[in-house]
Structures are given as structure tokens and as C-alpha cells.
Amino acid sequence: MTIDEIKSSFDAQITKCGNLTELQELKVTYLGKSGELTVLLKSIKDLPAEERPAFGAKVNELRKQMEDRIASKTEELKKAVLERRLREERVDVSRTSCPSRGALHPITLIENQICDLMVAMGFEVLSGPEIETDYYNFQALNIPYDHPARDMQDTFYITESILLRTQTSAMQVRIMEQRKPPLKIVCPGKVFRSDNDASHSPVFHQIEGLVVDKNVTLCDLKGTLEYIASHLFGPQTKVRFRPSYFPFTEPSVEVDLTCSNCGGKGCALCKETGWIELLGAGMVNPVVLENCGIDSKRYTGYAFGIGVERAAMIKFGIPDIRLFYENDQRFLKQFGK
Ligand code: PHE
């Protein structure tokens, strides 16, 4: 293209340009490293020496004009964005009536729903401290100081022996120390880990379930989880156990549900597997029972820890865990109905 052609096509395009992204692209097309004007400037070497100064000056003048145009267009577009926001997000300070009723947070909704189901099955709901000792959070759960399983839970320590609990499993020990079987309890609450991305938050919620009695089996665990899954995600939901490892359960399982989005056929949400992982569980390790003074020859138990955010993300199709904590009304309002 010649200088004049570049000028007129730039003029036509910048006039049409409707947002900052388009403007940035335009800038790259003309002024970028391999942009139109840069290419033109490079062709200077093909000209006779006496024409070069005048040509160079013309190209530089055009570059200056383009840069000025882009700068003023940037201002113009930024102003338009601001004006639109001011118009759309206007608050009527003279308004006196109550604008709308509040609603429960989706995490609270799911937590209530699961606890209600548990209560219907005869479980008792209990809560415990968020600031825990290393003993309840780890040691009594068969995770001594040097155990590699500590690496799975990046912990916020307050002192060497006091921490923010990384799992509601700490409550298993507290309850088993205080009471004797039969036990049938759930403990919802906040837990803390030093993690932060689209699927991990430094604070999140778990619901711990614990049953200890004579003749409790893995089958009882599966039945209970099937009941919860079918009520929470629909009657067609299937539950699958995968072998896993937790120091405080033996055997341990990872529990998957058929994907609520595709029904098990495979989709992007379940990474084409048809299954979504919901929780960790297992039979209470006899070592843990004995740590709490319960005779492991007479009693057995099962335990599970549901990730509440995870359950809510699956149920409502929420792609990023951070949405739960931003308190954006537009997000929260959708769950109030
Ligand atoms: N506490 C485990 C976790 O946070 C989950 C779990 C609970 C596993 C109960 C087994 C039994 O990962």
C-alpha cells in the first residue's frame, strides 16, 4: 500500500471502530512490529538516496497523526464506557421503598438441603471450632507430624500446634471422644487451605458425616450417599466408589456421581468421562476409633466429607468457585427463588 492508501484505509477503519479491543487490534495492524506503516518504512531502502529523507518524513508524519488519532479515540471510547456504566448502574438515592428481599446464599442453600436430608435419616447436626489443634486436625486422625498426607492439605498454621482446620474430619475425633456409640452425626462448617484458583478457595465448606455402631458396613455408606445424591441431583443419579487413600479411613474411597449435565454420556463438564467426583469417604480406621477410646473389635463406622462448593457447582453449573465469594448481586439473585 502507498502512504495515501494506508492513510485512507486507517481513517475509514478508525471511524468504524466501536470498542477498545478493536482499537488495540487496529493499532497493531498499522503501527505494530509487522504493521502496514512499519512495512512501508522498511521499503525506504529500495528508494534512490535523494528521495529517502522526504519519504521518511512523510511516513513519520503519518505515524504521528495515527498515534494522535488512536489516543483521542481511546479517550472517546473510555468516556463512552464510563457514561454507559453511570447510566446503567445509577442508584436512585431518593427511593424510599425496600427494593427487594434478600435470599439465602447458594452455599447456605446446599448446606441446608444436605443437612435436612441427613436429619430425615436420623442424623444429628453439630458444629465445632474453626481454629483447631494439630492433634484433632491431624494426629488423632492417624496423620503424625511427618506423614506425607499433610502435603495434600496446605495448612494455615497459627502456632506449631494450632491451625485453621483443613477438614471437618477434626470433628470426628471431638465427637467420638465425648460420646459413645451408637453415633450418627453430621458437621457442616468452614475449612481452610492455602489454595487459590478456579476450583480451589482458601476458605470453603465441608459437611462431615460419621456413623459408628455395631455392624456398620461400606454398603451402609453407599446407601446413604445414594439417597443424598438422588435427592440433591435427581433420582437418575448413580453413585460410584473408586479406591482411594485417607489415613483415617480404611478402606478409603473417592465417590463419583453420574454427571448431572449429560447424564453420564460424557460432556465438557465431566471431561467426557460421564462421572464427577464429589467427595472422599471410607470406613473409620480402627486406629482412629482406638485413639478415641472406642473398642474397634465391637464397633465399626463410616465417614464422609462432602465439598459443599463442589456440590453447588455441579448442581447449578457454576464454572468458577470464586463467584461464591464476590457477593455480586447479579450472581446471588439467581438462587433466591
Ligand atoms: N477429610 C477428607 C478431605 O478433606 C475427606 C474425608 C472425610 C475422607 C471423611 C474420608 C472420610 O479430603
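Mentor: Let us begin with helix H4, whose buried residues are covered by elements that include helix H1 (3–16), helix H2 (20–31) and helix H3 (36–42); please keep in mind that this is a predicted model.

Trainee: Which residues of H4 are buried?

Mentor: In H4 the buried residues are Phe55, Gly56, Val59, Leu62, Met66, Ile70, Lys73 and Leu77. As background, an α-helix has 3.6 residues a turn, so residues three or four places apart point the same way.

Trainee: How do you know that the span of helix H4 agrees with its 37 residues?

Mentor: At 1.5 Å a residue, helix H4 (residues 52–88) should span 54 Å, and because its end C-alpha atoms are 53 Å apart, the two values agree.

Trainee: Why is Glu309 called buried?

Mentor: The term applies under 20% relative accessible area, and Glu309 has 2% relative accessibility, so Glu309 counts as buried. Glu309 is placed in helix H10 (residues 308–316), and beyond four places in sequence it touches Ile107, Val203, Phe204, His205, Ile321, Phe324 and Tyr325.

Trainee: What makes the pair formed by the side chains of Glu309 and His205 a polar contact?

Mentor: A polar contact needs a pair of N or O atoms within 3.5 Å, one able to donate a hydrogen and the other to accept it; the side chains of Glu309 and His205 make such a contact at 2.7 Å.

Trainee: Is Thr249 buried or exposed, and why?

Mentor: Thr249 has a relative accessible area of 2%, and therefore it is buried. Thr249 lies in strand E7 (residues 249–258), its side chain is joined to that of Ser252 by a polar contact of 2.7 Å, and its contacts beyond four places in sequence are Ala281, Gly282, Met283, Val284 and Asn285.

Trainee: What is the order of the strands in the open sheet?

Mentor: Seven strands, with mixed pairing, follow the order E1-E4-E5-E9-E8-E7-E6. Strand E1 (124–125) and strand E6 (239–246) are at the edges because each has a single partner strand, which leaves one side of each without a neighbour in the sheet.

Trainee: How do you know that strand E5 and strand E9 pair?

Mentor: Pairing requires at least two bridges, and eight bridges join strand E5 (residues 203–213) to strand E9 (residues 300–307), the two running antiparallel. Gln206 stands opposite Gly307 in E9.

Terms used. Residues are numbered from 1 along each chain as its sequence is written. This is a predicted model: local features need pLDDT of at least 70, side-chain atom pairs count only at pLDDT 80 or more; totals for chains, interfaces and linings use all residues. Side-chain values use heavy atoms; hydrogens and water are left out. Helices (H or I, at least four residues) and strands (E, at least two) are DSSP runs, numbered from the N terminus. The expected span of a helix is 1.5 Å times one less than its number of residues. Buried means under 20% relative accessible area, exposed over 50%, partly exposed in between (1.4 Å probe, protein chains only). Contact means heavy atoms within 4.5 Å.
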